[in-house]
Each structure stands twice: as structure tokens, then as C-alpha cells.
Amino acid sequence: MSKTKNYKVKASIFITCLVDQLFPAVGTGLVSVLKKAGVEVTFPKNQTCCGQPLFNSGFRKDAKELAKQNIEELANSEYIVVPSGSCAAMMKFVYKDLFGENDKMRSMASSLSPKVYEFSEFIVKILGVTNVGATYREHVTYHPSCHLLREQQVDMEPKALLDEVCGLVLEKLEDETVCCGFGGTFSVKYPGISEAMLMDKIQRIEETSASTVVACDLSCLMHIDGALRRKKSPIKAKHLIEILDNTESLPDR
Amino acid sequence: MNNPFGTPKNQFLDSVRKALGRTKGPPNEIYPLLNETLSTIKKRKEEAEQRISRKKDFLITELTRTAQLVGWNVKTVQNTAAVLTYIRELLNKHKINKVIRTDEKIFETVEIDRELMDSRADLMVNTQSSVQKFDPDTAELGITGADHAIAETGSVVLVSQKGSARLTSLTPSIHLALVKRSVILESLEDIYLFTRLEYYSGKEGKYMTFISGPSRTADIEQVLVVGAHGPKETHMLILDWD
Amino acid sequence: MAEINTDQFPQASAKALNNQQLQEYLTRSMGNFDSARKQAIEDVSQEIWEGLREKARQIKKHTIENLDYYLDLLYENVTRSGGFVHFATTDGQARDIIGHISKNRGLTKAIKSKSMVSEEVGLNKYLESVGVEPIETDLGEYIIQLVDETPFHIIAPALHKTRQQVGEIFAEKLNRPGLNTIEDMAGTAREILRDKLLSADLGITGANFLVAETGSVVLVTNEGNGRFCTSKPNVHIALVGMEKLIPSIEDLSVFIRLLPKAATGQRITSYTTHVFGPKTLSEEDGPDEFHLIIVDNGRSKLLEDPVLREALYCIRCGACLNTCPIYRKVGGHSYGWVYPGPIGAVVTPIMTGLKKGKDLPFASSLCGACRDVCPLKIDIPHMLLNMRSKLMEGTSDQRKRGVTEKLASFAYKKLMINVGALSIFRYIAYLLQKPFIRNGYLGKTSIPILKNWTNSRDLPGIPKKRFSQIWEEDQFKEQQ
């Protein structure tokens, strides 16, 4: 493994609802990859949903209660690693403004914000690692999620990580920056528009020769995967962590 | 004018102030441009003029380039004879019969009337008709000078004033502008600086148009095509002498 | 006021999505302005572009924060030049002012250059009612006037018409059949409108910028009709939103560099016209009477909210429309009023009624592409989120939410805080879904909560164990 720093970094993981509830393998993969990269991983148990679904729906007061719980639980962590661009953005940019000027939570949220990193951002920028010893002998195309690309300018990091996966051929996705159409509750409030945007994204994916589409957000992936499965497409949709957690086992002798 | 409709100024401004939570008075922070003295603006203009003068030859090349990019036909000429030749060719090519020109100073030194009469074109000067032969709006070719030209954008600047009507460069389907090298400026900053100084020097603000090529429209299928209400063809002759 | 159909967004957008022809056409043409804009930015360099954006934003911020001061300065300078300034708080006042001016001079024929504000106040119908013939001369506006439709796009009102459709309109309404190319159609419009451009007694324009320092109205145009409207008729009325102000004429260089590139990808438009009041005595032609009507019509509602205030920085370039993946699917008519697309989703509900327009702030995936392309860096997603919170939790005259929505938010929050309750809920859901899961997925279903998703997408099934459980078990194993 190249470019590993030789000290133990301690990081907490903020697991996110989608990983915890629906895609636990991404969670175990996250822990595994971080450990491989020399990180001592902790999982503060009292964490909960980041609150974004509520915030985006206009229910800031309810979102605030969830934010408070997370801010308090993560206050002592040195780094918080998040396997989701949108949840990371929520904690980085929105948490502080949920609280009034005189609320002590506001300054706690301010202190939390610089410690929050999306997964690929953490591995590449903080650990300085781009090769985690993974193998994935297939053609892959990468879909940049909006919150990660635009709000956090994290784009070369996931691509750099994918580039170093043994056997992986990374193909550029045409119109990659166009939103997939998920947008949270938008996907069920305006399913027609959401679907129309999704079909464009699927078309672009199918125009590559990739067997797998990769993203850093399970929300986008669920949406894209949902359509791929519905049309019985052979194309797989995987989280970046699932690719990076993939090691080739040695052939049996 | 007394208009019984509408909101009185003070009432309107009061409601704007209320929305902003402001009290009546100047802005909270000073706006540098609006706090300059006239002498500062004059000084800046002088500096600009020196810079422009040093770069004049480059600016002619640049103007040619940018003007062509926006659809002007551009030619640099060295004397009046060349101007006349160009006009003659233009008249022949398009079989033009009716020409209108402004009554700007440039036509005192670059005499084109004889050339036009020789070509048997009907000529009208500005909106007066020396020979009331045609409705100015039916002129096929409009010839103007240029108060300024902007190398950055490829534009001719026309200021409406005595002898130079707004419509002369608008109604004909072909517009020819004679641009003396002395009027060429470098950038948008320059033209606005010059205009600003004119305004403050007691001259009245006058209708000013930057003409950057022929008229266009992009209203159908987002495709830009040439030829809408203004001229379909524009020609710029850069007169490379002082 | 122009008809407000903002509450029709769900139906109108569904209709647009089902219009096969419109969808094919939008896919084909919507990218043109967007690519042109990108190219124009590349030509000057990203660095220069970013510098311009920042400068422009600072200028606009200062102006809007001190709008009353600059409006006063503008008033002074327009008046000094011999022009008249009127203030219209409502659309009705704007119409009445114009009616009064027309009556005063006995005007009967008005040529109009593009003005979105004139759409806002429903000017054309009003003019007809007071005996003034309104003639749209901007090609796109002219086309939609022929078929009595509303604008589809801020700068290209007839964008929803293919060239074939325009050809058909010209054949039917103008008795000019056989026009196939866009050049031909533009040429025909030129020919037909030339008479009217020269014989009208009133010219009505909007303005792209108002310069406080010199009392100037600035028009950024391509077609030349704006020049006609400000040159031939004896009376010129500029009908302008109060937010169009900038302090100094020297500030124009920043905006003239930004607007054409962001709007149509041009280095500069064919004409940049600067009006300094009515014609002076020494000028050969031009209007002898000039009126500037400064319009509020709901803009002060944007002004009074510090978060929404930056919507007034908008210079109406249309870049956000061109890049918005939602606008590119549903088109301008779905938004139900004069301003569509991302900026429309903000200003339309605030100016015409938040409750009636309650669907618009939610009709966005918050992707942020609009914010990225906006020459003034306006943070549209931030404002949409603010409007959503007003609708769900605002004061009684802002709030418009369903009981189920509030209940759902409450229930979600409670479950997320209470791990025990969440586990039970999850386990029940896990058991209930089991019979319906095939290969790990739930297919199309008519179960109420899941219906909208599964109509077009499979839904992953709930696995037996949560990550947190697995972690606990692993920790326990490690300690053994």
C-alpha cells in the first residue's frame, strides 16, 4: 500500500441511515478499509439520522433535535468520516445555522464542521492514501453526486481511488455533472420529473461499456440501481466503498 | 409631469427603506466610484489616453480581429481613394440606389458624395434631404462615422447628436462605418470612463449605441441567426491616418 | 397582473412530461444556449469569469442594500435630463400610469421591445382596452403574440416552438407559407414589422440596467427593435423593475461582459443602447418625451427578507433555466407565471403568493447547477430551502402544509431519537416486506407510501440486521 502515514489516526464513523438500515455491507466495508489504511475506528453509539430529510422538507425544528444529538455525541471525535456526500454536507454546512446566535449548540456545531469528512475526501486528503490494495477487474463509470461535487468540490478523490484499483478501467460518464433526479423527497413528490431525469442518467451509463456504476452516495445509487434493476439491466450499482473493500482472494492451489 | 396614478416618490422610497431596515441617508459604506473628484476622473482619462496612444497599432489589429468575430466586414485603408473604391464596390455588388449618410465632420475630409453621385445613387444626408428624392427609411445603405470604437468587443460607438441621427445606422439593410484610428479605445472601461467624464463636464448625456456587428436573433430553437430588424450586413473601414 | 397559475405546477409539469414531441424537441435544443455559454466562458478563461462574477455580486449587493438611496439618485438624474420618473407599487398603478401618458398624447400604436415587467403587469390586454394597439417586435414575443401564448423562457419566449411550428404559424397567421429556414422567418418578420416600427407613436421597452449616476436606461439587445423603440416614436416609456439599478456608469463594464455570455454565449450582443432621457435639442431624432416607470409589484417582499434579498441581484440572463435539469424537462409554461426555472421558483411565489405557489420551492432536486452558472452567484437552493421552511413552519400567513406532512416529520424524528422504537418498527417492516421481496428487491407496488417510488424503480429490501447490530456483535466477538 503506497503513501501510508505511519501513525494511528483515530476516527469516528458517522454511519448514515441508508448504510445502517439498508446497506450494512457498506458500513462493514467502511470499517475494513479504514482499518487497512491504519485508522483506529470508533462508532459513537448514540448517533442518529443527520436530519437532512427533515431539513430539506422544511422541518427545521425537528431536524434541529436530531442535529443536537449528533453534535453532542460527536463532540469529542477528532475526525468524523461519513460514507455519504449529502450527510457530510449537512453536518459541514447546515448544522451551525440551525441554532440561534446565543445557543451554545451553535458554537459546538461550528467546532464539529471542520472535523467532518466524506469518506473519499478523508482517505485521500487526510491520510494521503489513494491505493488501498483493492481489486475489481471490470469497467466502471463514476457518477458524482451533487452535494459532493458542488458543495464540497470533492471529485478527483473518488476518481483517484478508483484509478488505483487493480484491474479497474475507469470510463468517463458523459454529462456526469447532471443531477440523477433523486433530490430526497423530490423523488417521491415529483416522481414523473425524477424518473425523466433518471432515464437520461441511465442512458448515459448504458452508453459507456461499464459493468458497474459507482457513486459515493447511496441515495443516488438506490435511485439509479432501482431503475437498472427494474429494466433487468446487467449493470451493477455499487458504493465506492464496496469496490475498495474488494480484494481478490488467491486462487486455490 | 403630473401623473395622478403611481405612488409619490417619498412614499415609495419610504417603503423600500422600511423593507431594508434603513434610515434615510447615504449608503452604509462609501462607494468609491461615486466619491471620486472630477480631477481624479480627468487624471484617469489622461492616463487611459496615454496608454491607448502607445498601443494604437496593436489596437487596430485587435479591433479588426474582434470586429470580425462578431460579424463585421473589416478593412484597414490608408487613404480616401481606398474608401471610395470600397464604397464603389459595395454599391455595385448590391446594386444599391439609395444611400443615406450622417452629416458628421469626417465627411468634410473624406468626401464621398461625388463618388455616390457618380455611381448614380440617390444620396440623402442625414434626415434632411438635399434632394428630396426618397423616404430616408428606404435607404439601402447607411454610412456613418464613429464617435469611438472598442477594440475589446469589436464595436463601433455612435452618439446621437446634431448631424448624426439614430436611424441612419439602423434602417438600411447595410451599414458602413468609417472609423478613424484616433477614435479607437481599448476596453469597455475606457468608453465608460470617457462617457462619464463627458457627462460630468457639463455636456448632456446623449443617446449612445455600441454596434457590434449585424442584427441577430436567437429566438427560434436557440439558434443564433444574422438579420433581424437592424442591418443584415455591417462594414467597418478603419482609416489608418490621423 | 398576468394570470397566476402557480398552483397548476403538478398538472402542468405532468402534461409537459407526457408531451412526446415537446420532450424530443427540448432534449435537442435546450443544450444550445448552455453549450454556447460554456464556450464563451472558456474563451475568456474561468479565472476572469470568476473575477467578474465576484465583482458583479459585490456591486449588486451594495446597490440592493442601499436601494432607496440609488433610486433617489436615479430619480434626480432622469428628471434633470428632462425625463419623467413614476413609481408603481402595484401592477395596476403601472398600467394606469401608461394609460394616462397615452391619453395625454393621444397615442394609439405602441411598439414594444422585450419587457418581462410588461408581462407581469398584463400590459398588452390593458393597452388594447384603452385603444392603444400593442405590437410585439421582438421575434420571440411576436411569435407568441400571434398565437396568444405566454413566454416559455426569460430570453427566448418562443423557445417551445420548433422551426416547423413557427413556419406553420407564419403560414396560418400571416399568410406566408413555405418558410423553412430560421433566416427566412426572421427576414419575413423584419419585413412585416418594418412599417409598424416606423409608424408607431409610442415605444415601450424594459431595461437591462438602470444607472443611478447618470439616469440612464441600458438595453442589451440583438435584433434592433430596441433601437427602433427608442428612436422613432415621439414617446418612449421604459417599464423597469426597481432592482435593475447599478450605481455608476463605469460599473457597466462588468455587467456588459457578463450578461451576453451567460445568456446566449455571445461575446457581446449586436447592440448595447444607452438612453439618457428624451432627445436633446441638438439631436436629429429620438423621442421628445421620456418616461421611466419604476415597478415594485412584489419585489419589496423579496427585499425585506435578508435571505431572499439576493434574488434581486438577478440580471435575467436565463442561464439557470438553460442548465436546470428540471426546467429542461418541464419547460417554462409549467411554472404558471412570467418567471420560470430556478429563479422563477424563488421570485414567483414570493411576488404572487407563497401559499398558491407552494409547489414551486419543492420542484427542485437542489442539485445546485443553477448556483454554479449564475453570473451573480445567487444561491437559489439556499433560498428554496428557506421557502420550504416558511411553508412548513412559518407564520400563519406563510404556512401551507398537510397534516400528514407534519405528522410524518414528527414520527420520523421520534423514531430516529428512540432506538428501541426504531428497532421494533424496523423489525415489523422487515417481516411484512418478506413475502414481497424478490432477489432482494421490492417491485412495483400499490402500497401508499411506496407507490410513488416503485412506479419506475425497484426498492431494496430491508436486511435482517442493521450495521449497528453487526458492529455490536463484532465488538462482542473481539472481546471474547
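Analyst: Between chain A and chain C there are nine salt bridges, a salt bridge being a side-chain nitrogen of Lys or Arg within 4 Å of a carboxyl oxygen of Asp or Glu. One to look for joins the side chains of K329(C) and D200(A), with N to O at 2.8 Å. Please keep in mind that this is a predicted model, where local features need pLDDT of at least 70 and side-chain atom pairs count only at pLDDT 80 or more, while totals for chains, interfaces and linings use all residues. Residues are numbered from 1 along each chain as its sequence is written, chains are lettered from A in the order in which they are written, and side-chain values use heavy atoms, with hydrogens and water left out.

Now for the contact as a whole, where contact means heavy atoms within 4.5 Å. Chain A brings 60 residues to it and chain C brings 59 residues. Together the two chains bury about 5,100 Å², with 60% of that on carbon and sulfur atoms; buried area is the accessible area (1.4 Å probe) that two parts lose on being put together, summed over both. On the chain A side, the residues losing the most area to chain C are F59(A), Y190(A) and R230(A), which together make up 14% of what that side buries.
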